[in-house]
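Student: I have a model open and would like to go through it with you. Can we take it piece by piece?

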Amino acid sequence: MRNIFKKRIVKFIFFSFGSIRTKMVLFFLIVALFPLLIFGFLSYGKSSEIVNKQFNEYEQFAVSQLDEQIENTFEQMYVVSKDINQYLSDPTLVILKEEIPRSYTEFIEIENFERYLEAHKTYNTKGIYLITNTGYYYGNSRLDIHKLFQKSFWKEINSLKEGDLWIGFYNSDHYYTGEKNEKIMGLVVPIESQFGVLKGSKLLIEINAEELFSYIGFLENKLHSSITLKNGKHQIVYKTKNAPKELKTDIVWNNHFDAYGWDIHVRIPQEYYYQSSNVIYRYTILAILFSIILVYVLAVVFSVPLTKRIKSLKSSMKRVSEGNLDTQIAVTSNDELGVLAQSFNDMVNQIKELVEQISTTERLKRQAELRAFHYQINPHLLFNTLNSIQWKARLLGAKEVQEMIYHLTEVLHENLNFSDELIPIKQELQTIKHYLKVQEIRFGQTFEYIEDIRSECLDYLIPRMTLQPLFENIFFHAFEDGRGRIELVVIAKPEHLEIILTDNGKGMNQETIEKLLIPKHQNDKGRGIGVINVDQRVKLHFGMEYGLSIESVIGVKTIFIIKLPKRRYVDDKGINCG
Amino acid sequence: MKKFWITILVIMLVFVTAACSNNKSSKSEPNQIRKEQKHKIVLRFATWDSGESLKIQKKIAKKFEEKNPYIKVQVEEYGDEFDQKLSASFGAKNPPDVMYMWNFPAYFQNLEPLDNFINRDPFIDMNDYYQGLLNHSTMYRKLYGIPAGFTTRVVYYNKDIFDAANLPYPKDGWTWDDFKGIAKKLTDPAKEQYGFGVRQEPDTYDLQGIVWSNGSSFISDDGSEIAGYMNSPETIESIRMLTDMIQDTSAVLVDGKNQQSGEENFIAGKIAMWESGFWPLEEFKEANINFGTVEMPAFNGKPVKGVISSSAVSIARDSKNKDLAWEFVKYYNSPEVVKMRKADLPVRISLVKEMKTEKDPLIEPFYKMLERSNGTPAFLLTKNWDAINRNLSAAINATLLEQDAETLLNNAVKDSEKYLGQ
């Protein structure tokens with residue numbers, strides 16, 4: 001019963017609340033219930049044991065009192081009847097010549113005999129009578145013998161043999177005076193004397209049974225027992241009215257009076273027998289139920305604010321996980337949960353920043369890829385054609401054309417190679433040489449190119465096609481007809497590498513510089529795609545702190561400065577591969 | 001949060017109130033009982049009455065309790081076992097505080113003399129009681145009981161039978177000769193109708209009035225002699241008068257064992273006259289018979305004497321609450337209680353006058369007989385009257401069965417003399 005109840009409560013909690021709350025309720029329950037259950041049932045067990053024992057003894061005492069009462073009454077009547085019987089069996093003591101007295105001596109004798117009978121009366125004796133065969137009786141004159149003879153039990157009396165006795169209960173309505181419905185216990189014995197009027201007469205001894213019935217009433221009313229009395233012939237002499245149905249669980253006492261053949265049968269329904277311990281049991285259960293409710297309420301009350309905050313944290317996390325990075329938790333306190341909320345807010349902000357960065361980078365990368373796609377003209381066709389032209393030129397002896405196409409092919413080779421993104425500076429310089437050759441053939445010896453590069457710098461890695469777009473920019477925008485001077489310096493600073501490209505061309509104003517370096521202006525006229533590309537590729541490869549910067553004085557010079565990390569092909573294979 | 005506190009509060013309240021109400025219901029009952037047991041003094045009152053009289057006595061006890069809320073009167077119904085139970089309780093030194101009493105010679109040593117209470121109490125006037133009644137509860141000049149009720153003996157007569165025989169109703173001052181004549185005239189054995197009914201085994205106490213009326217007694221006034229009293233010619237004549245009526249069939253024997261009682265015979269119209277006390281009056285009224293009462297007849301030239309059967313209330317010597325018992329005894333004869341006690345004739349002169357009890361023609365003869373009752377019953381004169389009486393009873397019983405009164409009374413005297421002077 002208790003277990004079922006507990007299960008139900010737990011179920012209820014499970015269904016109605018989150019898991020923290022459940023755990024808290026369970027925790028509270030365990031904390032409250034364990035001692036309560038242990039002490040409750042210990043005290044129940046002990047006290048009910050004591051109470052039951054006491055009640056048992058009390059009950060047994062009450063029943064034994066009834067036993068005793070009945071036996072005493074029997075004994076008393078029996079002793080009196082024996083005594084009178086013995087007295088009557090002595091013919092010298094009693095000379096009842098005539099049944100009904102007529103003479104002075106007979107009156108005296110009968111008076112004396114009746115006094116003898118009266119003398120046997122004790123406190124609760126109702127009457128002692130000697131009733132003759134003809135219906136005459138000796139004893140006080142309160143007895144209405146006709147009513148006595150009408151009583152149902154009297155029929156049995158006539159069949160009583162010598163040595164038999166009859167004991168039973170009946171009402172006192174066979175008396176002229178007094179209460180008519182008093183309970184009486186009567187004993188009838190046949191007189192053993194065979195002399196004269198005494199032959200076949202019976203001795204009737206009546207005892208007021210009110211006290212006995214008050215015992216029975218006490219047992220019936222106070223102890224809820226049902227009582228059955230049976231006489232020697234197994235006839236029911238008394239049975240509790242409205243007795244409850246007999247159950248196997250009833251507590252039963254049986255007693256048999258050997259001397260009189262009577263049986264006492266006392267039966268108490270179990271529920272009454274254990275009534276007092278049931279009360280304890282009920283109160284224990286009540287206390288436990290009450291504490292369960294209390295614990296439940298307390299647990300709910302304490303866990304609601306806590307779990308509410310945890311739940312809001314959880315839902316916020318869920319929203320973040322669904323992509324809503326604008327989620328913020330209101331920080332209401334500075335306990336652990338408050339700190340947690342604060343950290344969560346910080347974390348979300350950082351993630352948001354990072355995601356923004358990554359998305360920008362990704363966008364640029366995509367654009368670059370798209371652009372690269374545009375450039376993907378079938379290189380084989382181009383190179384095959386160029387090679388054919390080169391051979392044609394050589395066959396025709398046009399050495400200049402052949403040379404030009406050779407250098408162009410080299411430049412394009414580099415230009416259209418998407419594989420190796422990072423290359424050593426010396427390789428890029430090789431491409432520049434070819435490029436410059438092409439320009440030289442185009443414009444003639446109109447420009448001056450100065451390279452100031454330490455040999456140890458030649459192995460540092462730069463993105464492919466970093467320098468060539470800048471050279472192209474110089475030739476297309478800074479110089480007119482290819483006239484000018486170009487200076488390329490590579491400086492290895494302690495932290496990084498600087499490639500400085502200076503020209504003495506037209507120069508540009510600040511606005512143009514900004515336009516060149518800010519991506520959104522790039523598609524105005526297609527101008528400067530190369531320059532921005534350089535900057536972005538450096539940034540893509542090495543990070544935002546690296547890149548291209550431009551300084552310029554109009555009409556004097558323009559300086560492109562590329563800031564790069566110091567990386568070597570051999571040292572940093574990993575990056576190459578990546 | 002508010003909700004929470006409210007719920008807690010409500011739950012607490014529910015439990016507290018539940019606990020409180022529980023306490024109330026479980027504790028209040030025994031408390032009251034305890035109060036009663038603790039603060040109420042229990043006054044035990046033993047009575048031999050049953051039926052209606054007992055109900056009235058219980059009502060009186062209730063009224064007394066109302067007036068004295070600290071007292072509980074416990075009415076103990078001894079009924080027919082009165083003597084048995086009373087002797088037992090005296091023997092156990094645990095007697096009732098107050099009890100009905102008539103047999104003062106047997107019990108007076110266990111009773112509290114009331115003279116001190118009477119002298120101390122300004123509210124009781126003993127002159128208001130009939131002196132003849134007070135004599136009955138006095139032993140050795142000490143009063144042991146306050147009279148509660150009494151009866152004298154009168155003759156009930158069936159007016160219808162008198163009317164049918166065209167006889168005038170008997171009047172006070174009539175003689176036994178008148179009585180015998182009337183009885184003879186009213187007898188018709190064919191109709192099983194007799195003039196008078198004689199008890200087969202009469203109580204010698206009741207016969208004293210007739211013996212006294214004839215100028216004799218069963219015992220000398222000082223209680224020392226019976227010879228010449230119990231067997232005096234006047235006593236013998238008184239008894240013979242009854243046997244004569246039986247012999248000439250103008251009277252019939254009634255009331256024996258296994259016989260109809262005299263009252264039943266009177267109600268059935270089988271006897272025209274019946275000598276008795278106050279007790280059957282109500283029964284006769286209820287039976288709706290047309291009857292009257294008249295004083296006892298006189299012997300020629302001699303004054304009529306009556307015998308009183310009285311009941312008194314006494315206080316046990318071993319009572320622990322004698323003062324309260326005295327209050328109850330006094331209350332038992334207070335006007336309101338006397339008016340309740342319909343089964344008894346009032347014993348206080350002032351109340352008899354006030355209630356005009358004696359003006360009732362059926363009751364008047366009882367008070368007239370009371371005035372004529374100044375003899376002292378034999379049982380008050382000698383300790384051993386019981387033993388003497390057994391012989392006297394046997395003699396009278398045998399006489400009524402057609403044996404010679406003189407011989408038997410002489411026998412009785414002879415057999416009883418040994419009990420005198422002991």
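Student: Leaving aside its neighbours within four places in sequence, which residues is Met404(A) in contact with?

Tutor: Met404(A) is in contact with Val438(A) and Ile441(A); contact here means that the C-beta atoms, placed from the backbone, lie within 7 Å. This is a predicted model, where local features need pLDDT of at least 70, side-chain atom pairs count only at pLDDT 80 or more, and totals for chains, interfaces and linings use all residues. Residues are numbered from 1 along each chain as its sequence is written, with chains lettered from A and ligands numbered from 1 in the order in which they are written.

Student: How many residues apart in sequence are Met404(A) and Val438(A), and what is the C-alpha to C-alpha distance?

Tutor: They are 34 residues apart in sequence, and the C-alpha atoms are 5.6 Å apart in space.

Student: Where is the place of Met404(A)?

Tutor: Met404(A) is in helix H11 of chain A, residues 399–415. Helices (H or I, at least four residues) and strands (E, at least two) are DSSP runs, numbered from the N terminus.

Student: And why does Met404(A) count as partly exposed?

Tutor: Because Met404(A) has 19 C-beta neighbours inside 10 Å. Buried requires 20 or more other C-beta atoms within 10 Å of the residue's own, exposed 12 or fewer, and partly exposed is in between, with C-beta atoms placed from the backbone.

Student: Different topic. Which residues of H3(A) are buried?

Tutor: Tyr104(A), Glu106(A), Phe107(A), Ile108(A), Phe113(A) and Leu117(A). The helix covers residues 104–119, and its end C-alpha atoms are 22 Å apart, which agrees with the 22 Å that 16 residues should span. The expected span is 1.5 Å times one less than the number of residues.

Student: Now the interface. How many residues does the contact take from chain B and from chain A?

Tutor: The contact takes 22 residues from chain B and 20 residues from chain A. On the chain B side, H1 (2–39), H3 (82–91), H17 (385–400) and H18 each supply at least two residues. H17(B) gives the largest share, seven residues.

Student: How many residues of H17(B) are buried?

Tutor: 13 of its 16 residues are buried, so the helix is mostly covered. H17(B) reaches 21 Å from its first C-alpha to its last, close to the 22 Å expected. After H17(B) comes Glu402(B), with a positive phi near 65°.

Student: At what angle do the axes of H10(B) and H18(B) cross?

Tutor: They cross at roughly 130° and come within 10 Å. Axes are lines fitted to C-alpha atoms, for helices over the stretch in contact, and angles run from 0 to 180 degrees between N-to-C directions. The two helices are therefore oblique to each other: under 35 degrees is roughly parallel, over 145 roughly antiparallel, 65 to 115 roughly perpendicular, and the rest oblique.

Student: Which residues meet there?

Tutor: Thr235(B), Ile236(B), Ile239(B), Arg240(B) and Thr243(B) in H10(B) meet Ala405(B), Glu406(B) and Leu409(B) in H18(B).

Student: Last one: what is the mean pLDDT of chain B?

Tutor: The mean is 87, and 91% of the residues of chain B reach 70 or more; pLDDT is the predictor's confidence in each residue, from 0 to 100. Over residues 16–36 of chain B the pLDDT is below 50, and beyond near neighbours in sequence that stretch has one contact in the model. Where pLDDT is low, the predicted coordinates should not be read in detail.

Terms used: Contact = placed C-beta atoms within 7 Å.
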